[in-house]
Amino acid sequence: MRRVLALLLLLLPALPAAAQDWQPTRPIRIVVPFPPGGISDSLARLFADRTGARLGQPLVVENRSGANGAVAGEFIARTQGDGYSYIMLSPSHLMVLPVLMRLSYDPMADLLPAVNLAANPFFLGVPGNSPFRTLGDFIAAAKARPGALDYASGGAGSGTHLVMIFLSLRAGLDMQHIPYRGGAPAVQDLLAGRTAGYFGNPSDMAPFLQSGEVRVIASSGAARSALAPDVPTVAEQGFPGFRFETWNGLLAPRGTPPAAIARLAAAVREACAEEVVRAGLRRLGSDPVCNTTAEFAAQMQAEAPVWRDVVQRSGVRLD
């Protein structure tokens, strides 16, 4: 893994000029490992429209859910690297999934970084009629009945699962985990009151905040989110230093021409500067990243051991 990324880092400085020599001649596929409606899907569609306009070819979003993202990951890892196929991944699927289950591919070796699109914290949401109005209320209920309080996630080993594990380790909680196939179905059961809480992406909660169908009681970021400025962070509510955030980036199958990757990444960065994209990110509760391919590769290399350490310390296992 490190050898692949190190070689990529050496090659990348020459790519911006080469990127001008590569132009797509047919649609580019973006595979999302979740059903429509979640943060990865929303980000993919937001960037696809504006990036495609700059490339002169449409970016087509294709949803392939299953096996906590492994179905889509294996599909792209086995796809010909010709510059016309990419996958949207987060740290939980790129770095965590290989620790939790045996895969037929190595995400960090078989997939090449292109560009990191956006980052976001997680919101701890409860049903609108829940008695929990603060993080302290939620924690007190969990401690009063160990193992009785349940919480949803977008999948075992996902960021929405690990953030609650991270909180549980800090607060000494014992709760029942209910995994779903993505954030959208998890929120639907939260709305129906079939689960006590869900530590999801801001985009999962955004449509239901003003109506009061979902009440957000904490944010996992280092600072309050602009999407919900009145919601205090976990750190503000008794856990100093608590910070748990995630991101979504595009990766290509191994063997993809470096010039093709550089061309896509450059188009994404150009699109990222457009106000329509920035406004879309604000609605999703995400912050733009849009870094260079070299920066994304370095970020992956630095973060991989950190995410894996969280998993190993937590003892998380796939359900």
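Two residues are taken to be in contact when heavy atoms lie within 4.5 Å. By this criterion, residues 24 or more positions apart account for 80% of the contacts with a separation of 6 or more in the protein chain. The model described here is predicted. The protein chain holds 13 helices and 11 strands, and 57% of its 319 residues count as buried. Its C-alpha trace spans about 60 × 40 × 30 Å along the principal axes. A compact globule of 319 residues would have a radius of gyration near 20 Å, and the 19 Å of the protein chain agrees with this value.

Six strands form an open sheet with mixed pairing, in the order S2-S1-S3-S10-S4-S11. Strand S2 (59–63) and strand S11 (287–288) stand at the edges; each has a single partner strand, so one side of each is left without a neighbour in the sheet. Helix H4 (residues 70–77) packs on this sheet and touches strand S1 (28–32), S2, strand S3 (85–89), S4 and S10. The direction of H4 makes about 150° with that of S3. Within the sheet, strand S4 (residues 111–120) pairs with strand S10 (residues 246–253) in the antiparallel sense, over eight bridges. The bridge partner of Leu112 in S10 is Ala252.

A further pairing involves strand S6 (residues 150–153) and strand S7 (residues 176–179), which run parallel and are joined by four bridges. Ser153 has Pro179 as its bridge partner in S7. Together with helix H8 (residues 159–171), S6 and S7 make a right-handed β-α-β unit. In a regular strand, side chains alternate between the two faces of the sheet. Both faces of S6 are covered, with Asp150 and Ala152 buried on one side and Tyr151 and Ser153 buried on the other.

The structure holds one disulfide, which joins Cys272 to Cys290 with an S to S distance of 2.2 Å. The link of Cys272 and Cys290 is right-handed, with 85° about the S-S bond. Cys272 lies in helix H11 (residues 258–272) and Cys290 in the loop between S11 and helix H13 (293–314), so the pair ties together parts that are 18 residues apart in sequence. Cys272 and Cys290 are both buried.

Notes
Residues numbered from 1 in each chain as written. Predicted model: local features only at pLDDT ≥ 70, side-chain atom pairs only at ≥ 80, totals over all residues. Heavy atoms only, no water. Pairing = 2+ DSSP bridges. Helix = DSSP H or I, 4+ residues; strand = E, 2+ residues; numbered from the N terminus. Axes fitted to C-alpha atoms, helices over the stretch in contact; angles between N-to-C directions. Disulfide = S-S within 2.5 Å. Buried < 20%, exposed > 50% of the residue type's maximum accessible area, 1.4 Å probe, protein only. Right-handed = clockwise from strand over helix to strand, strands pointing away. Rg over C-alpha atoms; globule rule 2.2 N^0.38 Å.
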